[in-house]
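Biologist: Could you take me through the ligand site of this model, residue by residue where you can? After that, I would be glad to hear about the helix packing and the backbone around it.

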Amino acid sequence: MKRCIPIGLVCEFLENPLGLETRTPRLSWRLDDPRPGACQTAYRLVAASSAAKLAEGKYDLWDTGRVTSANTLDIPYAGKALRPRDAVFWRVMVWNKDGTPSPWSDAATFEIGLFGRGCVTALWIGAREPRTRPGMPAPLFRKAFSLDGEPVRARLHVSAFGDLEMSVNGRPASEDLFVPGWTDYRKRVQLVTWDVTALLRKGENVLGAMLGDGWFAGTMVWPDHRNHYGPSTAFLAQLEVEFADGTRQTIVTDTSWRFTEDSPVRSSDHYNGETYDARREHQGWNSPGFTATGWQKAIEIKNRPNAAFCARLADGVRRQQRLAARKRTEPTPGHYVFDFGQNMVGRPRLSLRGKPGAAITIRYAEMLNPDGTIYTDNYRTAKSTDVYICSGNVIFSHSDKTSKAEIYEPHFTFHGFRYVELSGDFSVPPKCGDVEGVVIHSTMAQTGSFECSDPIANRLWSNLNWGQRGNYFDVPTDCPQRDERLGWTGDAQVFVRTAAFNRDIAAFMTKWMRDIADAQHADGAFADIAPDVFPVANAGHCGYADAGVIVPWTMYLTYGDIGILREHYGAMSRWLEWWQGVCTPDGVVRYRDCWHYGDWLAVDCPVDEDGNPVREAAPTPTDLLATAYFARCAGIMVQVAKALGRKEDVRRFAALRRKVAAAYRREFVTAGGRVAGDTQTGYLVTLGFGLVDDKRTIARMVDRLSYLIESRDYSLTTGFLGTPLLCPVLTRFGRADLAYRLLQRRKYPSWYFQILDGDATTMWERWNSYSSRHGFGDVNMNSFNHYAYGAIGEWLYATVGGIDLAEPGFRKIRFAPVPGGDITWARTELATRHGTTSIEWKRANANATALEVTLVVPPNTTAVLELPGRAPSELASGRHRLHVKPAAR
Ligand code: BGC
């Protein structure tokens, strides 16, 4: 029997989170009800302090009673006041459109962490040496203790200034890697909570820890820039175990822990890689029964930042997938190169065979040189090299005895690579089966999928999805492989909408917005990177700093998250004040007062008949871009203030927006509709940000923009800021035909060129990062995994596929596919917070305007279908099949 049932219960965007800081977390669910017009008319949410009480209907924490409401999202907990360590078990029932009640949902839970005075009693401990030299071993720590009974609930709370790996009785304490994640450790450090109940037992137990340098003390930004946050790595652990009789035992880090620097991890660094000497493994060091001879007492680390603990707001960085090596070559004797067929981020898992002391060198590359050797120049100073020294002994606990090999996966490092090169003193040369690629990134569910009749467009979608996978590594980074890997705000800002289609990034961005806010300067300028690790101030650059307004706004649009706007409203408003401080009295931003990156890496040069650049042309004026972004942010703030019900601010921001837009027109737009610089990007920001409203001027601009594309053999000349606007703006102003020509263009510069000429499996930093004719692009900045140009993704989803939003949070969906190019069908899906929506359209051939459309509108939402040349039609939730007659041409 079909019925309505609440499913997918989440708390602060996470499933059953532990260690929350807020006492009023927001609870959400969605409806499972395929019937047409399905919706919620009321709900009842109940909460209890144990699973048993919840099941028995003893709601000792909260019972909302029947609440008449259609809302399923972000209902703040308003039950009995919660204290640190409290666990809450909750469930929900709903009434459907006929007033029929549903059964109860499955139970979900959340827990408050150790946030409260005196909760954390553990000490920050470390090894003696400050980590000021590169190439120091990652110390091992252990603590043996005895439990008086069988645990019924055990929580391990950890934090670190460095990268922490913890174990309980020899087993990993969690799947999380690079713990506790990257924040500005001078201000905040995350306190991470794991459920370790199943790993403990009555009697002797052991906690083990290994501590790497990580973002805290390892190499950052430049080769000799280490110890950005401090000299000494340290960690803290507090294990709280509860027994059936209600008693509790707590084990904390203190100087009774033992450590050794005689560690197999001889050195480890994010950029440079790891050296691992398997001969130095201490068998059983993190299990009961080990005698820690020669281990020393741990040191309390007092010389550390005075950071406040904060909860971890997003799921951690974890191993997500393993890829098999597809091909082995030997371009020079003894150097074996393995190809995964996919540029990825993570590290390898290797089965190695060598005599004791045999050193095996592991190097990485995204591309190959013409002779088949690995191309590493674009890593710049990042050595990205791991060395494994064989124990020669395959009976160690970490070894896979059946294959008689030593298994190695590096610990406190990660690499961006498609190829792995192994060389050294093997006793048996490695085969493909010995080499796996472990894909590592932040945990975020895939929400979007896109497929159409053009296989190259599908590959482009895959590439930009992989671009996100490689670069959403605790923070959104520019690139994952060279000596950079930083939270560049500009790159993240242009890609964020695409990213939010691809994957559920609500929690990830909630966390990163705090990093952005932490990096805001006192004068209101948002920094270029967050967390900000530049030794010299870099802030207030257009298209970059604006991320501080654009990212939370995009989160609100995608997820309906009003909380992120509320939390950062002050910071967002201060950013506009900063803009006002640097512009002329009439609202124009001038170069002499502030420098900008401009339309970063724009092509902006004519091409010859082969599509190769022939000479540099004038770039888009940065004053124009800055003033345009200023106006855009003011426009967004009008919407933000509206959403928050701040009427006075709505008026204030609207006046500011009008003033800046008028100044922009006066300064940069001629009476005939020419935009200063006459570049594609100039027209794109003017049209895309709505800076002109006179219809005739708009028409002239669209013509000029089209001319600038057509007269260059249908090629784009845009950089990071212009490119994301290209296809959406052309489509919006009636030139979807041109947008499709750009998409499907095969020659340089284009998206398809990277795929067809360069076999790209991720997005490249430059349009010409490589070409078979000219070889590699400028090595100073030549990443093959840079997602900015992947911002075309939002247009693939919204226009080629046809899923967009009509109301924040997809409460109302806008299906507006615009079929074009030679694409004859497209199938697109998006898991919204209300459920999965999808659209599939088909046409007989590339000229046909008759369409067959199948749509799914999730329960509790509505939709509007807008097709070219036809009146919009409203749709209720459910599945719809439509045969749409040819449109008048
Ligand atoms: C990064 C870019 C970034 C730029 C800003 C580069 O080094 O990789 O993606 O936007 O700097 O100038």
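Modeller: Happy to; I will start with the ligand, go on to the helices and end with the backbone. Please keep in mind that this is a predicted model.

Twelve names make up the surroundings of the ligand: D478, R482, E484, W488, D491, Y544, Y597, W600, F720, E765, M781 and H786. Sorted by class, this shell holds six nonpolar residues, five charged ones and one polar one. The charged class takes in Asp, Glu, Lys and Arg, so D478, R482, E484, D491 and E765 of the shell belong there. Tyr and Trp count as nonpolar, which means that Y544, Y597, W488 and W600 sit in that class together with F720 and M781. H786 is therefore the polar member.

In R482, a side-chain N or O atom is 2.6 Å from an oxygen atom of the ligand. E484 also places a polar side-chain atom 2.6 Å from a ligand oxygen. For Y544, the distance from a polar side-chain atom to an oxygen atom of the ligand is 2.7 Å. As for cover, the ligand on its own has 310 Å² of accessible area, and the protein covers 95% of it.

Now to the helices. Two packed helices are described by the angle between their axes and the distance between the axes. Helix α6, residues 547-559, and helix α8, residues 622-643, have axes that come within 10 Å and cross at roughly 40 degrees. Because of that angle, α6 counts as oblique to α8. Their crossing is left-handed. Helix α8 also packs with α10, residues 680-688, at an angle of about 15 degrees and with the axes 10 Å apart. That angle is under 35 degrees, so α8 is roughly parallel to α10. The crossing of α8 and α10 is left-handed as well.

Finally, the backbone. Most residues other than glycine have a negative phi, and most peptide bonds are trans. Against that background, the peptide bond from A530 to P531 is cis, with omega near -5 degrees. P531 belongs to the loop that runs between α5 (506-518) and α6, and α6 is the helix that crosses α8 at roughly 40 degrees. A cis bond also links Y748 to P749, with omega near -10 degrees. The loop between α13 (736-744) and α14 (751-758) is where P749 lies. E12 is not a glycine, yet its phi is positive, at about 50 degrees. You will find E12 in the loop between β1 (5-11) and β2 (26-32).

How values were computed:
Residues are numbered from 1 along each chain as its sequence is written. This is a predicted model: local features need pLDDT of at least 70, side-chain atom pairs count only at pLDDT 80 or more; totals for chains, interfaces and linings use all residues. Side-chain values use heavy atoms; hydrogens and water are left out. A residue is near a molecule or strand if one of its heavy atoms lies within 4 Å of it. A polar contact is a pair of N or O atoms within 3.5 Å; within protein, one must be able to donate a hydrogen and the other to accept it, and residues adjacent in sequence count only if both atoms are side-chain atoms. Accessible areas come from the Shrake-Rupley method with a 1.4 Å probe; for residues, only the protein chains shown count as cover. Axes are lines fitted to C-alpha atoms, for helices over the stretch in contact, and angles run from 0 to 180 degrees between N-to-C directions. Helices (H or I, at least four residues) and strands (E, at least two) are DSSP runs, numbered from the N terminus. Angles under 35 degrees count as roughly parallel, over 145 as roughly antiparallel, 65 to 115 as roughly perpendicular and the rest as oblique. A crossing is left-handed if the near helix is turned anticlockwise from the far one by less than a right angle, and right-handed if clockwise.
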